[in-house]
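Please keep the sequence and the structure in view while reading.

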Amino acid sequence: MNVPQDRIEEQPTVTGSETVALRQLMPPELLERSRTCPFDPAPGLEQRRGQGPVQPLELGNGARAWLVTGFAEAREVLADPRFSSDRIRYRDATQMQPHEAAELASAAERGEPVRPAPIESRTDGMFIFMDPPEHTRLRRLLTGQFTVRRMKALESRVTEIAVEHIEAMKAAGTEADLVPAYALPIPSLVICELLGVDYAQRDAFQENTAVALSSTATDEQRARAGGELYAFIAQLIAAKRANPADDLLSGLVHDADPPLTDAQLIDLALVLLGAGHETTANMLALGTFALLDNPEQLAALRADPGLIDQAVEELLRYLSIIQLGVTRIATESVTVGGVRIPAGATVVIAVPEINRDSRRWSDPDRLDLRRERTAHLAFGHGVHQCLGQQLARIEMRIGYTELFTRLPNLRLATPAEEVPLRNDMLIFGVHSLPVTWA
């Protein structure tokens, strides 16, 4: 299969975690978490508490966006079809040049309606940046592949993968960096199971995936790894067309009606890779860090393993690793939380602060594994709610359980304040997590 060069060149923006433009435009105090308590929202978000659940936000390109920090208001935005996810038809302020931001502001002052770009239909597979009905069709195809049977079958594999990597760490000594040794391989190998990557090809797949999603690799290295990953998935699709198996990718190749194009299939595979790989890996590492840094909570979990499901939900709420990368564009003037958001304006969903909304949770800045289980926004809300959330829960439940059961003396091998944070990324976590169990 010949892979178009322009598709290869755009691919790293799909799998990479950081949106460079957003980081350059967003006030750094809203992104960079404090060393004092790295699990809390960024200081700039905490300083905005009391200023209302919907606030104006000035971006570095001169555009005015709107920051949503309230739980109810965020759910309202994410469920309202007047807020679009389509970054091709509508202009996202976080992706604009200064002159474009000025043009948008002038149009808003004149009261001009928002006119979507004249695109008859989307031919790509990036459904996370689509609106219904295009989003609906692709989402439904994927939902049909995330069956209860398939998820149950993966549970035993997740356990096998976790145990294998714990035993490998023990065999290598009494210390390890938990990120490459445990947190990253689990979701990577599960993605291999889902997509139907042959065992013989998994090392190359994992290596290119790690580089494409790396924060320490150079742009050139990420681009090269991304191109190789794109080409690999293209070849994998060709193999599934010729020899289908009982995996998700084969199902998408053969069950879609009308059939999906190769470009759509590759995009879908890359979305699954990026969304299901890095987020879970960072939750495994950061969640372990949070539990080791809160020994009384870890002791409660060890004393009552039945708390694990509550623990996973509380960690998802408390850590909220999706920082400020969730945006929507108002296709018309909408009032949310008593604030008028003009047509064409970009709304930024501040998930870490939303999941600490004191109107919903008492003492929200405290990690409490016995907290009554309530809905949070770690997996989003509305039509774009994470479709792989049950698999992510399985990986976390098994990952934490096996780790703390098989390594009962697990603890940090370095002072907590020296653990390197992923403050340079839009998916928060740690770059490394040195641990020991001696």
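Buried residues, meaning those under 20% relative accessible area with a 1.4 Å probe and protein chains only, make up 57% of the 438 residues in the chain. The model is a predicted one, in which local features need pLDDT of at least 70 and side-chain atom pairs count only at pLDDT 80 or more, while totals for chains, interfaces and linings use all residues. Residues are numbered from 1 along each chain as its sequence is written, and side-chain values use heavy atoms, with hydrogens and water left out.

**Overall dimensions and surface**

- The radius of gyration, taken over C-alpha atoms, is 22 Å, which agrees with the value near 22 Å that a compact globule of 438 residues would have; the globule rule is 2.2 Å times the number of residues to the power 0.38.
- Along its principal axes, the C-alpha trace of the chain spans about 70 × 55 × 40 Å.
- Among contacts (heavy atoms within 4.5 Å) with a separation of 6 or more, residues 24 or more positions apart account for 73%.

**Charges**

- The chain carries 44 positive and 60 negative charges, whose mean positions are 4 Å apart; Lys and Arg count as positive and Asp and Glu as negative, whereas His and the chain ends are not counted.
- The place of a charge is taken as NZ of Lys, CZ of Arg, CG of Asp or CD of Glu.

**Secondary structure and the five-stranded sheet**

- The chain has 18 helices and ten strands, which are DSSP runs of H or I over at least four residues and of E over at least two, respectively.
- Five strands form an open sheet in the order β1-β2-β8-β5-β3, with mixed pairing, where two strands pair if DSSP finds at least two bridges between them.
- The edge strands of this sheet are β1 (54–58) and β3, each of which pairs on one side only.

**Strand β5 and its partners**

- Four of the five residues of β5 (residues 326–330) are buried, so this strand is largely enclosed by the rest of the structure.
- β5 pairs with β8 (residues 346–349) in the antiparallel sense over four bridges; in this pairing arginine 328 stands opposite valine 347, and valine 326 stands opposite isoleucine 349.
- β5 also pairs with β3 (residues 83–84) in the antiparallel sense, over two bridges, and isoleucine 329 of β5 is the bridge partner of serine 84.

Definitions and conventions
Buried < 20%, exposed > 50% of the residue type's maximum accessible area, 1.4 Å probe, protein only.
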